[in-house]
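Subject: Structure handover and notes

Dear colleague,

Please find below the structure that I promised to pass on to you.

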4 protein chains.
Amino acid sequence: MKTLIENGIVVTHAGRMTADVLIDGETVVGIAASGSHGWTADRVIDAAGRFVFPGGVDVHTHMELPFGGTFASDDFESGTRAAAWGGTTTIVDFAVQTIGEPMMAGYEAWREKSDGRCAIDYGFHMIVSDVNEQSLKEMDILMGEGVTSFKLFMAYPGVLYSDDGQIFMAMQKAAENGGTIMMHAENGIVIDVLRDQAIKRGETDPIYHAITRPPITESEATHRAIAYAELAGCPLYVVHMSADEAVAEVALARDRGLNVFGETCPQYLYLDWDNLREPGFEGAKYVCSTPVRSREDGHQDALWMALATNDLQVISTDHCPFCMNDHPTLGTQKRLGEGDFTKIPNGIPGVEERMRLIYDGAVSDGRMSLERFVEVCSATPAKMFGMYPKKGTIAVGSDADIVIWNPDVETMMSVDVNHMDVDYSAYEGKTVKGKIEMVMSRGRVLIENDTYHGSPGDGSFIARDTNQYLI
Amino acid sequence: MKTLIENGIVVTHAGRMTADVLIDGETVVGIAASGSHGWTADRVIDAAGRFVFPGGVDVHTHMELPFGGTFASDDFESGTRAAAWGGTTTIVDFAVQTIGEPMMAGYEAWREKSDGRCAIDYGFHMIVSDVNEQSLKEMDILMGEGVTSFKLFMAYPGVLYSDDGQIFMAMQKAAENGGTIMMHAENGIVIDVLRDQAIKRGETDPIYHAITRPPITESEATHRAIAYAELAGCPLYVVHMSADEAVAEVALARDRGLNVFGETCPQYLYLDWDNLREPGFEGAKYVCSTPVRSREDGHQDALWMALATNDLQVISTDHCPFCMNDHPTLGTQKRLGEGDFTKIPNGIPGVEERMRLIYDGAVSDGRMSLERFVEVCSATPAKMFGMYPKKGTIAVGSDADIVIWNPDVETMMSVDVNHMDVDYSAYEGKTVKGKIEMVMSRGRVLIENDTYHGSPGDGSFIARDTNQYLI
Amino acid sequence: MKTLIENGIVVTHAGRMTADVLIDGETVVGIAASGSHGWTADRVIDAAGRFVFPGGVDVHTHMELPFGGTFASDDFESGTRAAAWGGTTTIVDFAVQTIGEPMMAGYEAWREKSDGRCAIDYGFHMIVSDVNEQSLKEMDILMGEGVTSFKLFMAYPGVLYSDDGQIFMAMQKAAENGGTIMMHAENGIVIDVLRDQAIKRGETDPIYHAITRPPITESEATHRAIAYAELAGCPLYVVHMSADEAVAEVALARDRGLNVFGETCPQYLYLDWDNLREPGFEGAKYVCSTPVRSREDGHQDALWMALATNDLQVISTDHCPFCMNDHPTLGTQKRLGEGDFTKIPNGIPGVEERMRLIYDGAVSDGRMSLERFVEVCSATPAKMFGMYPKKGTIAVGSDADIVIWNPDVETMMSVDVNHMDVDYSAYEGKTVKGKIEMVMSRGRVLIENDTYHGSPGDGSFIARDTNQYLI
Amino acid sequence: MKTLIENGIVVTHAGRMTADVLIDGETVVGIAASGSHGWTADRVIDAAGRFVFPGGVDVHTHMELPFGGTFASDDFESGTRAAAWGGTTTIVDFAVQTIGEPMMAGYEAWREKSDGRCAIDYGFHMIVSDVNEQSLKEMDILMGEGVTSFKLFMAYPGVLYSDDGQIFMAMQKAAENGGTIMMHAENGIVIDVLRDQAIKRGETDPIYHAITRPPITESEATHRAIAYAELAGCPLYVVHMSADEAVAEVALARDRGLNVFGETCPQYLYLDWDNLREPGFEGAKYVCSTPVRSREDGHQDALWMALATNDLQVISTDHCPFCMNDHPTLGTQKRLGEGDFTKIPNGIPGVEERMRLIYDGAVSDGRMSLERFVEVCSATPAKMFGMYPKKGTIAVGSDADIVIWNPDVETMMSVDVNHMDVDYSAYEGKTVKGKIEMVMSRGRVLIENDTYHGSPGDGSFIARDTNQYLI
């Protein structure tokens with residue numbers, strides 16, 4: 001089966017060109033000027049006036065994540081289908097080790113949950129909840145399985161938290177086996193002190209979630225993680241960065257030539273304390289960790305600037321949806337925290353909305369070029385997590401993960417048009433430039449004419465290579 | 001006329017792939033997997049086991065430059081031919097305004113010297129020697145001619161030097177018309193004081209050229225140029241950087257999101273004070289400005305690191321050759337400075353040697369990836385000076401400027417095998433990995449089977465766009 | 001003649017104590033606890049409930065300075081008398097070299113103007129307007145005369161300006177003979193471009209004086225001066241600093257252990273653009289260089305902070321008064337610049353007001369301790385310019401320059417109560433804590449009972465030692 | 001009883017003067033020029049040709065400290081007597097809370113051990129080993145007792161270590177009650193990992209003590225402590241700093257105006273890895289934490305520089321002696337760690353040697369002025385811990401703690417001449433300038449004619465005020 005996408009403006013992070021793209025089966029096999037190639041195909045798609053982008057790569061999602069007594073409301077089926085609707089054709093989710101149990105058990109559980117269910121290709125990072133002699137050995141095994149990145153938490157003491165010795169030993173292991181350490185860099189110990197003091201003072205509204213996680217708790221943890229990674233000699237990828245001061249730590253490390261990287265998410269670029277302060281319990285919609293920051297302190301501008309200077313390299317979603325009203329099968333979610341912000345499940349939906357939000361930031365707000373949009377949303381995440389150039393670009397030999405984008409139409413962000421299994425959009429009512437007209441995953445059309453044409457199991461597990469973004 | 005390059009490993013700054021490249025006339029029209037495309041061609045080149053690189057882009061050459069009472073020994077014919085031999089298919093040279101004369105006169109003189117003589121495509125930056133009301137207006141005219149970058153000198157008082165007011169006004173003009181300011185950032189005023197004091201003390205050997213230009217004279221000038229560019233609001237490209245401290249200034253500016261860029265050259269990466277101290281007058285071979293730096297102070301390591309962190313973005317040559325012995329037609333050159341280093345013409349040959357030197361740094365010394373090699377030697381210079389993606393990459397629609405590189409052979413740097421019109425190589429005897437087997441300029445084969453197949457006038461003038469590397 | 005000051009709280013930069021101070025003739029000869037010393041004296045002064053401070057040391061005044069076609073309105077007689085009224089018992093003024101003439105001629109002229117006229121002790125810095133072989137030699141001669149500091153201007157091209165080569169050579173000389181270089185660090189060349197462009201656009205009001213001297217023109221010049229001083233190896237004292245960014249350069253240099261120092265003045269701590277924008281031509285009162293800065297950009301807070309961290313070490317006045325209305329003998333002054341801010345004589349009165357303004361900053365605003373007040377206003381300036389411990393403290397062997405300060409009374413700043421020969425106060429109407437009840441210079445009472453008891457010639461020339469504040 | 005010290009050169013941190021000092025009982029009551037005062041006294045001491053210094057203030061000693069299964073070999077009697085011999089007239093030692101017991105119990109135990117035993121005045125910091133609700137309250141009680149500083153350990157997990165939440169809560173308490181937090185800033189958690197790995201590899205010699213505590217473990221902990229102090233809003237004093245990188249963190253904090261301070265000790269200024277590598281088990285003599293650092297990495301120079309720039313403010317000893325051979329009553333000490341460096345008691349003697357070592361650094365090596373010597377060894381520690389001007393200077397009202405120093409004699413550091421109860425000197429054989437001829441504590445002569453004239457109980461407990469060095 002051959003497909004030819006004609007006359008589109010093919011945009012990769014390396015540039016743009018008007019060209020035809022030939023797909024044979026699952027793979028891009030040729031790119032050529034119209035009229036020069038003599039190609040025929042089973043299907044010819046006219047992309048005149050359209051951008052032809054590589055599919056989005058979202059390296060931070062949490063489908064079905066158990067958290068705070070419930071589960072993230074998207075399962076691998078609904079979540080990856082929503083991703084496809086939003087122009088994302090690859091996710092890397094997180095398998096979770098249960099404390100006291102082998103890491104491989106967690107990995108296998110997550111494979112079981114996801115295999116045969118996904119609409120798009122998917123890989124896994126491993127959350128190491130319990131660093132010990134055995135789990136350090138299992139890190140080697142997982143490298144062989146194509147799980148080449150390991151996430152640790154400096155936040156959430158008693159739950160996902162690793163202490164500094166555990167973190168350091170996991171980093172030493174990564175230095176040895178080529179893995180990349182991902183870090184939730186928030187000082188959970190200090191945050192818990194502040195949190196408990198706030199609750200004691202009766203400060204229970206959603207805004208206190210952010211107030212009890214001040215920027216210095218993020219920047220200190222980031223500095224500490226960098227220090228350990230430098231000492232251990234491993235690559236470090238700091239997830240969901242939101243504080244100016246924390247990004248400054250990453251920038252300093254990068255100036256010194258360390259393999260230190262930073263990711264941010266749409267919520268940190270578009271939302272702020274005003275959202276957390278929405279009347280009633282509405283602020284709970286925006287409760288995630290790291291928290292969204294106050295706009296007046298300049299965090300959003302600093303993040304956009306860091307994306308421009310490449311001090312931040314990746315935009316992912318940290319997609320982790322919880323319903324405001326009861327979920328049909330999962331029951332009470334966000335409302336667990338009514339009257340006590342510490343009980344609000346942390347997380348925000350976004351896997352479907354990222355590509356449009358950032359595209360809009362690029363073209364409407366002039367925050368970045370289209371090439372840079374592709375770079376931060378597709379090419380660099382693919383490199384960072386060992387999937388390039390299969391994923392993240394349109395080139396001969398790449399997987400035919402392609403999004404056809406109509407720049408001349410506006411669309412609205414709304415729960416009414418979304419496909420994620422969650423009952424709100426954090427960007428409700430926001431109008432953005434561009435419409436996703438077609439989404440293709442390894443040559444198969446998933447989205448066309450506003451209709452989903454895929455089925456569970458279209459997506460395959462990706463055994464990933466090591467970090468391709470090292471210096 | 002169609003050409004097909006088969007089976008090579010096509011390497012651009014965006015990645016590598018085994019693919020066939022179809023050229024129609026002067027242009028790349030298709031890239032496809034072998035066996036998928038069904039293409040035929042007038043000529044088929046087998047590049048199996050070879051790298052297929054975009055041609056080198058050297059944005060800093062000085063053919064026939066009048067300097068210190070003589071002329072750079074390569075004219076546009078010999079110099080561009082040597083460039084082709086070395087895998088460089090585009091140069092941007094410098095037209096020079098004569099003080100007291102219109103800038104356009106200088107521009108036209110350089111066009112006259114070069115048009116119909118060049119082996120490869122070429123553009124011009126304009127050296128603004130005399131900033132005044134008229135030349136500021138001429139900057140607008142030159143923008144229309146495709147001369148979109150303007151070089152100023154903080155060094156060489158009384159010759160090419162502009163004072164700070166002139167520099168600032170030229171920068172204001174560039175901020176207005178979209179031009180990029182290139183800066184020779186050395187504090188010529190202070191250097192002249194140190195130089196005169198050295199001569200007075202009888203310190204006349206070539207090494208004193210470097211000693212009287214201490215790193216702080218480069219870093220101070222770099223800081224000052226950045227301050228003016230920030231105030232004026234124009235892009236700034238600092239040429240031939242050699243001092244760690246100066247690169248640190250560029251890095252700081254870039255951290256703040258300024259459009260400030262830095263270039264270095266092979267001589268700063270491979271040569272040092274030991275060369276300047278070679279016995280007799282041999283040190284004169286390595287006299288250029290900025291000077292090569294002492295190795296023990298860590299400058300070379302700092303430059304390689306800055307290339308890794310993208311605090312330096314471009315490697316050019318600052319090719320400006322002068323003969324050690326008398327040149328047949330130009331007479332005495334380097335020896336003008338025997339017994340008085342201040343009279344040694346400043347400059348070093350390199351246009352033919354850059355690509356091999358940096359490739360070798362990449363593969364033998366592990367200093368960078370092949371993709372980064374292409375980026376700093378081809379893609380970024382092309383973007384920085386408005387020639388991308390015509391130049392600097394291999395993509396549909398790009399000029400077919402292509403180098404076929406055999407990685408399995410070693411070659412030696414030597415005046416005996418070079419083609420530049422100069423009687424020495426600064427890297428005499430150095431063995432490097434790789435052999436350039438074929439060089440193509442806009443589809444025309446210039447070098448093949450160790451033979452030059454081009455002729456003067458093959459190269460065309462490039463009317464350049466504005467800087468495509470801005471944030 | 002012996003004087004005993006009893007029961008006061010003696011405050012030096014090293015601390016405070018309740019003690020009696022015995023003065024014999026011109027000198028402090030003893031400090032002892034009341035009731036322990038058994039001293040008798042010709043005069044006993046009861047200072048119970050009073051602070052006993054060392055007299056103020058103002059190391060930056062310009063009496064009778066020729067500037068912009070007129071002269072600073074205070075001559076040495078009126079100016080030093082006003083200083084005494086304000087609790088300042090030592091000034092260091094500036095002798096000026098005329099371009100084209102020997103430096104010694106300028107020095108002698110200023111000695112002639114001042115000798116036998118001053119109410120308090122005085123020394124001179126030398127303004128080097130014309131660095132050349134002869135003036136470099138004269139720097140050595142002046143060191144022998146007790147003129148151990150040399151001021152250079154990066155501002156005022158064509159008038160006091162030295163070019164960078166001159167500056168560097170003067171610094172080399174200072175490195176050799178132990179002198180301290182004082183720098184007016186503003187980029188006069190760029191400022192002149194901005195100024196001429198502003199005038200061309202019809203921007204002629206006093207506020208444009210500040211707008212055409214943006215902070216970067218101060219910080220760049222400061223950076224440059226530091227670079228030259230580092231290369232030359234001399235101490236550098238940057239005068240009248242007002243921009244946050246410039247102070248940051250001094251702080252960085254100091255972190256590296258360089259002998260780099262910074263001074264600010266009351267006008268930068270208390271005045272801002274609102275003053276320059278006062279209606280009519282009132283803004284001219286506040287025209288000085290460096291300019292007062294906009295409050296919203298945080299410069300004032302940064303200066304106070306730098307005083308706290310000792311990144312700024314000295315508060316002087318840069319006293320240089322010009323009348324708003326015609327001066328009886330000097331004629332039109334500030335009004336020379338009506339309709340053209342570039343013609344407003346640069347300067348502001350302050351020698352009488354500094355001590356009260358800074359004391360008030362200390363006690364009313366909590367900006368510093370009383371010890372730090374003494375340090376920045378007396379002790380450090382005395383050390384910096386080689387007069388300690390004769391000046392700047394109260395200790396055995398020190399000159400009996402003493403101020404008795406009543407902390408329990410408030411006074412008002414106003415032209416009506418001032419004694420400077422100028423027709424306005426820049427702080428008109430401001431109420432401050434504290435009243436100066438007695439001022440003594442070398443044991444002689446100058447101010448008592450709101451009456452001046454001194455006479456011209458009380459003050460003596462101070463042959464100063466070299467910088468005592470070096471690390 | 002009145003004493004008059006005549007004709008000496010009185011040196012305080014504020015300057016020097018030739019003057020006579022009158023002491024009445026325990027207190028300095030007058031300073032006056034010879035011949036001006038008319039004083040008589042019970043005893044007249046001729047100090048002609050001598051320096052008269054304030055007694056040394058050593059704010060970091062550990063007499064009788066239980067550590068690693070033994071006790072520091074000096075008890076309060078021998079240790080304070082040795083201090084007196086060495087010109088130190090005030091110590092601040094550390095009372096230790098036992099985990100699980102009230103803090104007051106530890107305080108009382110230490111008072112009991114010291115009261116009536118000391119040769120010189122002494123105060124206590126409190127080591128908070130067990131931060132909990134009760135001990136936080138006890139911090140308030142101790143403030144009332146004159147114990148105004150609280151030390152926490154980021155090192156020694158399982159022993160003195162506090163976790164980050166405990167540290168942060170103690171800091172919040174200090175912010176509230178005005179206490180100063182002292183921090184042993186080493187990342188004990190990571191160090192323990194490195195230590196265990198070293199032992200596993202058979203790396204058991206004393207040098208591995210230093211190798212397993214790399215500079216980054218000190219700088220990271222310092223950064224973290226600063227972050228917590230900034231968030232809590234309390235003063236932070238980092239003890240025994242030895243790593244360049246850690247001092248850089250303090251310097252950065254101070255540039256931002258934080259009340260962050262740093263102390264170093266003679267061992268870090270004079271000893272290095274060569275000592276730790278002395279043959280046999282000799283290296284154990286120099287095992288202390290933080291460790292002495294490698295000289296080639298520039299730490300010593302960085303520390304001296306930081307003392308010059310006031311980024312370090314205090315030199316103390318961290319006196320904590322353990323015998324190399326068996327101690328008569330305490331048994332095996334350093335040798336506990338033969339074959340396993342982790343068992344070597346951490347500590348080094350020094351209370352007797354500090355003043356001479358630093359004086360020698362000042363006058364022989366030109367590292368600082370005599371005034372600065374007094375400042376870092378006496379005045380600033382006294383201010384930092386609320387004892388100024390009683391302690392730390394010679395002024396009217398100060399305690400008559402005085403050292404008469406003969407600058408014309410050299411003395412040798414050696415266990416043979418020392419008085420500490422330990423069987424080695426870390427500086428054995430080092431010759432230094434200067435001889436301590438007389439030491440006086442509150443007017444009582446303790447040392448004269450190389451004889452000790454004091455007796456246990458001469459020294460009194462000092463109820464200290466809060467930090468007087470805040471900005």
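Helix H12 of chain B, which runs over residues 354-363, is mostly covered, since nine of its 10 residues are buried. The buried residues of H12(B) are Arg354(B), Met355(B), Arg356(B), Leu357(B), Ile358(B), Tyr359(B), Asp360(B), Gly361(B) and Ala362(B). Please keep in mind, here and in what follows, that this is a predicted model.

The structure holds nine cavities of 30 Å³ or more, and the largest cavity has a volume of about 350 Å³. Which residues lie nearest the centre of the largest cavity? They are Thr12(C), Ala14(C), Ile394(C), Thr12(D) and Ala14(D), out of a lining of 25 residues. Strand E2 (15-24) of chain C and strand E2 (15-24) of chain D each supply at least two residues of that lining. Sorted by class, the lining of the largest cavity is made up of 16 nonpolar, seven polar and two charged residues.

On the aromatic side, there are 80 aromatic pairs over all chains. A pair of aromatic rings is described by the distance of the centres and the angle of the planes. For Phe261(A) and Tyr469(A), the ring centres are 5.7 Å apart and the planes stand at 70°, and because an angle over 60 degrees counts as edge-to-face, that is the class of this pair. The pair links distant parts of the chain, as Phe261(A) belongs to strand E14 (residues 260-264) of chain A while Tyr469(A) belongs to the segment after strand E19 (451-452) of chain A, 208 residues apart. Are these two residues buried or exposed? Phe261(A) has a relative accessibility of 1% and therefore counts as buried, and Tyr469(A), with a relative accessible area of 17%, is buried as well, the cut-off for buried being under 20%. Elsewhere in chain A, ring pairs join Phe51(A), Phe53(A), Tyr359(A), Phe373(A) and Trp405(A) into a cluster.

In chain B, the charged end of Arg111(B) sits over the ring of Phe461(B), at 3.6 Å from the ring centre. In chain D, the charged end of Arg111(D) sits over the ring of Phe461(D), at 3.6 Å from the ring centre.

As for how the copies are arranged, chain D can be laid on chain A with an RMSD of 0.0 Å by a turn of 180° and a shift of 0.0 Å along the axis. The two copies are thus related as by a two-fold rotation axis. Within chain D, the C-alpha nearest that axis belongs to Arg224(D) and lies 3.8 Å from it.

Some backbone details may be worth a look on your screen. Most residues other than glycine have a negative phi, and most peptide bonds are trans. Tyr388(A) and Pro389(A), however, are joined by a cis peptide bond with an omega of about 0°, and Pro389(A) is in the loop between helix H13 (370-384) and strand E16 (402-412) of chain A. Another cis peptide bond joins Ser289(D) and Thr290(D), with an omega of about -5°, and Thr290(D) has its place in the loop between H10 and H11 of chain D.

That loop, between helix H10 (273-276) and helix H11 (299-308) of chain D, also holds Gly280(D). With a relative accessibility of 69%, Gly280(D) counts as exposed, and its C-alpha atom is separated by 47 Å from that of Met143(D), which is 137 residues apart from it along the chain.

His240(C) has a phi of about 30° and lies in the loop between strand E13 (236-238) and helix H8 (244-255) of chain C, where, at 1% relative accessibility, His240(C) counts as buried. Asn310(D) has a phi of about 65° and is found in the loop between H11 and strand E15 (314-315) of chain D.

Finally, Phe94(D) is part of strand E9 (residues 88-96) of chain D and is buried, with a relative accessible area of 0%. Phe94(D) and Leu258(D) are 164 residues apart in sequence, and their C-alpha atoms are 25 Å apart in space.

With best regards

Conventions:
Residues are numbered from 1 along each chain as its sequence is written. Chains are lettered from A and ligands numbered from 1 in the order in which they are written. This is a predicted model: local features need pLDDT of at least 70, side-chain atom pairs count only at pLDDT 80 or more; totals for chains, interfaces and linings use all residues. Side-chain values use heavy atoms; hydrogens and water are left out. On a 1 Å grid over the protein atoms alone, a cavity is a set of points where a 1.4 Å probe fits but cannot get out, and a pocket is an open set with protein on both sides within 12 Å along at least five of seven lines; lining residues have an atom within 4 Å of a point. Grid points are joined across faces, edges and corners, and a volume is the space filled by probe spheres set on the points. Helices (H or I, at least four residues) and strands (E, at least two) are DSSP runs, numbered from the N terminus. Ala, Val, Leu, Ile, Met, Phe, Trp, Tyr, Cys and Pro count as nonpolar, Asp, Glu, Lys and Arg as charged, and the others, Gly among them, as polar. Rings of Phe, Tyr and Trp (its six-membered ring) pair if their centres lie within 6.5 Å; planes under 30 degrees apart count as stacked, over 60 as edge-to-face and the rest as tilted. Buried means under 20% relative accessible area, exposed over 50%, partly exposed in between (1.4 Å probe, protein chains only). A charge sits over a ring if NZ of Lys or CZ of Arg is within 6 Å of the ring centre and within 35 degrees of the ring normal. Copies are superposed by least squares on the C-alpha atoms of residues with pLDDT of at least 70 in both.
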